[in-house]
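Good morning, everyone. Please have a look at the chain on the screen, and then we will walk through a few parts of it.

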Amino acid sequence: MKIFVDFDDVLFNTAKFIQDFKRVFARYGVSAQLFNKSYVDYPIRRRGQKLKKYDPWVHFQKLQQAGIDSAPIENDIRALLSDTRRYVFPEAKRFLKTLGKQNIMVVSYGETKFQHFKIQNSGIAELTKKVFVTDRMKSSAIGKIIGKRGAQLDELIVFLDDRVEQLTNVKQKFPQVVTFLVKKRAGRYNDKKNKYCDFEIKTLWQAANRIKKIVSQQ
Ligand SMILES: [Mg+2]
């Protein structure tokens, strides 16, 4: 069994993290308007896919240019990033422990220092076999594991994500993968299930039960 699981909004309460992240800027007098104006989300285009990523260090630079002393902001952001364990959903830890560390790999999008800090300091790596951070569609990271090593067709392979675009891409490339659309109440997106999503779940607990059921039927 191999379980590939997304990080943001699935294992990690990204909405709450962003709220606290924005609070740091507000504390030093950065208005919401200036925050948004200086926030740069780089579009990355690969083979027709539109993906974005954020780099706070570019953000600090932009603020500095706008006349804000960004040093104390950067300091507080570093402190926030130094321990992100409190943003991991409690049910995520239970989910990972129940299904077993050796079976689980995290696949996260956004190859930045920011994303690495966020994940590394969350404690998730200790509960999983491997963490991948990629700038490509997640199917390429998953393909490296199940493709090259020639996953047995009877092995259960699962992918959980809150973004339909990623689920669709994985299911199209690897139809044997069982795909779960995660729609947590605390999530930032509200993607609609399509034919490439095998299951829609609201809690990881539902996914764990479903996975156990599939295993028992094999
Ligand atoms: Mg996500």
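D9 sits in the loop between β1 (2–5) and α1 (14–27). Helices (H or I, at least four residues) and strands (E, at least two) are DSSP runs here, numbered from the N terminus. This is a predicted model, where local features need pLDDT of at least 70, side-chain atom pairs count only at pLDDT 80 or more, and totals for chains, interfaces and linings use all residues. Residues are numbered from 1 along each chain as its sequence is written, and side-chain values use heavy atoms, with hydrogens and water left out.

Back to D9. Its phi is near 70 degrees, a positive value in a residue other than glycine. Is D9 buried or exposed? D9 has 2% relative accessibility, so D9 counts as buried. Buried means under 20% relative accessible area, exposed over 50%, and partly exposed in between, with a 1.4 Å probe and protein chains only.

Next, the helices. Two packed helices are described by the angle between their axes and the distance between the axes. α1 packs with helix α4 (residues 71–82) at an angle of about 155 degrees, and their axes are 9 Å apart. Axes are lines fitted to C-alpha atoms, for helices over the stretch in contact, and angles run from 0 to 180 degrees between N-to-C directions. α1 and α4 are therefore roughly antiparallel to each other. The cut-offs: under 35 degrees is roughly parallel, over 145 roughly antiparallel, 65 to 115 roughly perpendicular, and the rest oblique.

Which residues of α1 and α4 meet? From α1, F17, D20, F21, V24, F25 and R27; from α4, I73, D76, I77, L80 and L81. Contact means heavy atoms within 4.5 Å.

Now stay with F21. At 3% relative accessibility, F21 counts as buried. F25, at 0%, counts as buried too. F21 and F25 are 4 residues apart in helix α1, so about one helical turn separates them.

F21 also pairs with Y54. Their ring centres are 6.0 Å apart and their planes are at 85 degrees, so the pair is edge-to-face. Rings of Phe, Tyr and Trp (its six-membered ring) pair if their centres lie within 6.5 Å; planes under 30 degrees apart are stacked, over 60 edge-to-face, and the rest tilted. Why does this pair tie together parts that are 33 residues apart in sequence? Because F21 lies in helix α1 and Y54 in strand β3 (residues 49–54).

Last point. F21, F25 and Y54 belong to one aromatic cluster, whose members also include F7, W57 and F117.
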